[in-house]
Amino acid sequence: MWVRRLVWLFLLSMCAFQGSEALAQRTALSANETLYPRLVRLSHSSAGKGRIVASVTSFPSGHGEEQIFASDDNGRTFSRISTINDTDFAKGLCCGTLYELPQAVGALDSGTLLWAGSVGGDTPGAPMQIKIYQSIDRGATWSYLSNCLTATVNRSAGGLWEPEFTIAADGSLVCFYSDETQAGHSQVLRLTRSTDGHNWSTPTDVVSSGVAADRPGMAVVRRLPSGRYFMTFELCGPAACTVFYKTSPDGIAWGSASDVGTRVETDDHRWLLHTPTNAWAAVPGLANGRLFVIGQIVANAAGVAPGNGQVVFYNDSADGSGPWRTLPAPVQINSPPTTSNVCQNYSSPLLASADGLTLLGLATDYEIVSGVRTCQTFFAAAATTVAPTLTLTGGAINAARGQAATSMITIEPGGGYHGTVKLSVSIPGYSGSISPSTLSFADGVSHNATLTVSGSMAASLLPMALLGGVGWSFRRRRRMLPLLAAALALGSCGGGGSGGSASGGSGAGSPPPPVTTYSATVTATDTTDASITSSIVIPVTITG
């Protein structure tokens, strides 16, 4: 038995160590200023399978370029492998994306790596473009492929931003983007399609709000195992850049464009603001896997909410419906922003490991480099699950002997706990109960129960105390029964009559009432898994 206990203690300590390291450690991708990171794991080319590729935008000497990094050790280390340069980048570069083709598109082979970005944002007198580059050697070299869109108006009249790719159910390559050029709208989300990567269809609206000032943007799309497509985006303008999601059966039809979707919100009523991304993980034991969404700021009705800069939201449904919960984010932001800025936690990509057990993240944060505050990209990993927990809290009880008293016990689930717990109370030497005796947790919110002390010594102990213990004969105990009855009667009414110094009253010269302390242990245990359990000790003080 002792060997088993030592093994469990060792495993628990190792898990705690690994968890704290995942939260505490973050590593800079490079020493340079870098913005708008993206991540992809190559899985559709035998030569590059397993490699993780990252992209970031940088501005050495004021000229924009896209720097490409790679990891061949599952995200433990990264090294720079290439740079995408284009003379048009000098006109403004923003908002790059990475995508690996899971199947051939025209002459583009499965496993071709695509990068696209918004170009021309700093040139008011020319139209913006969304330019696409391709790599057929795992990101080592790049060549221009096509524009999925060129604006029909100059930048001064509106821009094109934040491209995102997916393969639709019909096999076409879809390019999503944010469009400021549409009359009557501050911004809309649109898509265009291609069957060869070179020629693109007439754009169609995905989210085009009936509120002219609304600005849907920054779409990130994932195809789920169910076959449905899941898209997150921010809705800026009057909606304050709140994060919403929509789903599609085929990656093309997303319902009415005027429908802005559903807010991503936890069961304790927190939501995300600004720059969302999402990822899916094949978490073992979960039929639907697990969806993750991260945003720049965590908010609630009171303003900035607990977990800001520290958590990701997750959902275990097949399509993102139902309540969301939180887990620690891979990269922890040192001084999380309370208002949006272009660096801290700005559009932070997530990537699940192949086994679904860890979540790799890239996030930007300010760091002092050579005495200068610099926006750097950091990477780190965190677990996709945490052990379910129960946490009990409650206040001490102070009562007069012979009178009942209560304390509210709060049971808070953690780690995504869902289930039913059995509640019990033990007060050695005294009587108590808890109600309700069972609680069910399905929504992740805490529930309360009432601990009640009865006001008298435990019934099982009082007769033994009065009868003198186990050494007394039956005949002597029988003679004590009248005294026992009288004592029980006294105990039920506080220990005696209503007046006189002999009753322990508070008159002059009366001795202080006696004080006795007890410990009430309240325990909550899952009804199907006894390892999920927690207790709290409540001090009970009885006077009189």
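Biologist: Contact here means heavy atoms within 4.5 Å; which residues does Leu423 touch, not counting residues up to four places away in sequence?

Modeller: Before I answer, please keep in mind that this is a predicted model. Leaving out residues up to four places away in sequence, Leu423 touches Ile411, Ile434, Pro436, Ser437, Leu439, Ala449, Thr523 and Ala524.

Biologist: And which residues touch the most other members of the largest nonpolar core?

Modeller: That core has 27 residues, and the ones that touch the most other members are Ile409, Ile411, Val421 and Leu423. Another core lies apart from it and has 19 residues, including Leu114, Ile132, Ala151 and Leu173. As a general point, nonpolar side chains tend to be buried together in soluble globular proteins.

Biologist: You listed Pro436 among the contacts of Leu423. Where is Pro436 placed, and is the peptide bond from Ser435 to Pro436 cis or trans?

Modeller: Pro436 is found in the loop between β32 (430–435) and β33 (438–441). The peptide bond that leads from Ser435 into Pro436 is cis, and its omega is near -5°.

Biologist: Changing topic to rings: how many aromatic pairs does the structure hold?

Modeller: There are 14 aromatic pairs in the structure. In one of them, the ring centres of Phe233 and Phe244 are 6.4 Å apart and the planes are at 20°, so this pair is stacked. Phe233 belongs to strand β15 (residues 229–236) and Phe244 to strand β16 (residues 242–248), so the pair ties together parts that are 11 residues apart in sequence.

Biologist: Are Phe233 and Phe244 buried or exposed?

Modeller: Both Phe233 and Phe244 are buried. Elsewhere, ring pairs link Phe89, Trp115, Tyr133 and Tyr144 into a cluster.

Biologist: What sits over the ring of Phe378, and what sits over the ring of Trp271?

Modeller: Over the ring of Phe378 sits the charged end of Arg26, which is 4.0 Å from the ring's centre. For Trp271, the charged end of Arg263 takes that place, 3.8 Å from the centre of the ring.

Biologist: Phe378 makes me curious about β27. Which residue has Phe378 as its bridge partner in β27?

Modeller: That residue is Ala28, whose bridge partner in β27 is Phe378. Strand β1 (residues 27–28) and strand β27 (residues 372–383) run antiparallel and are joined by two bridges.

Biologist: How many bridges pair β26 with β27?

Modeller: Strand β26 (residues 358–369) pairs with β27 in the antiparallel sense over 12 bridges, and Thr358 stands opposite Ala383 in β27. These strands, β26 and β27, form a hairpin with two residues between them, and Ser370 in the turn has a positive phi of about 55°.

Biologist: What order do the four strands of that open sheet have?

Modeller: The order is β1-β27-β26-β25, and the pairing is antiparallel. Because β1 and β25 (350–352) stand at the edges and each has a single partner strand, one side of each is left without a neighbour in the sheet.

Biologist: Now β2: how many of its seven residues are buried?

Modeller: Six of the seven residues in strand β2 (residues 35–41) are buried, which leaves the strand mostly covered. β2 pairs with strand β3 (residues 52–58) in the antiparallel sense over five bridges, and Arg38 stands opposite Ser55 in β3.

Biologist: Back to positive phi: what values do Glu162 and Cys241 have?

Modeller: Neither residue is glycine, yet phi is near 55° for Glu162 and near 65° for Cys241. Glu162 lies in strand β10 (residues 160–167), whereas Cys241 is in the loop between β15 and β16.

Biologist: Why does Cys241 count as buried?

Modeller: Buried means under 20% relative accessible area, and Cys241 counts as buried because its relative accessibility is 10%. Glu162 is buried as well, with a relative accessible area of 12%.

Biologist: Last one: with which residue does the side chain of Ser317 make a polar contact?

Modeller: The side chain of Ser317 makes a polar contact with the side chain of Asn315, at 2.7 Å. Ser317 is placed in the loop between β23 (311–315) and β24 (325–328), and with a relative accessible area of 18% this serine is buried.

Key
Residues numbered from 1 in each chain as written. Predicted model: local features only at pLDDT ≥ 70, side-chain atom pairs only at ≥ 80, totals over all residues. Heavy atoms only, no water. Phe/Tyr/Trp six-rings, centres within 6.5 Å; stacked < 30°, edge-to-face > 60°. Buried < 20%, exposed > 50% of the residue type's maximum accessible area, 1.4 Å probe, protein only. Lys NZ or Arg CZ within 6 Å of the ring centre and 35° of its normal. Core = buried A, V, L, I, M, F, W, Y, C linked by side-chain atoms within 4.5 Å. Contact = heavy atoms within 4.5 Å. Pairing = 2+ DSSP bridges. Polar contact = N/O pair within 3.5 Å; in protein donor to acceptor, adjacent residues only side chain to side chain.
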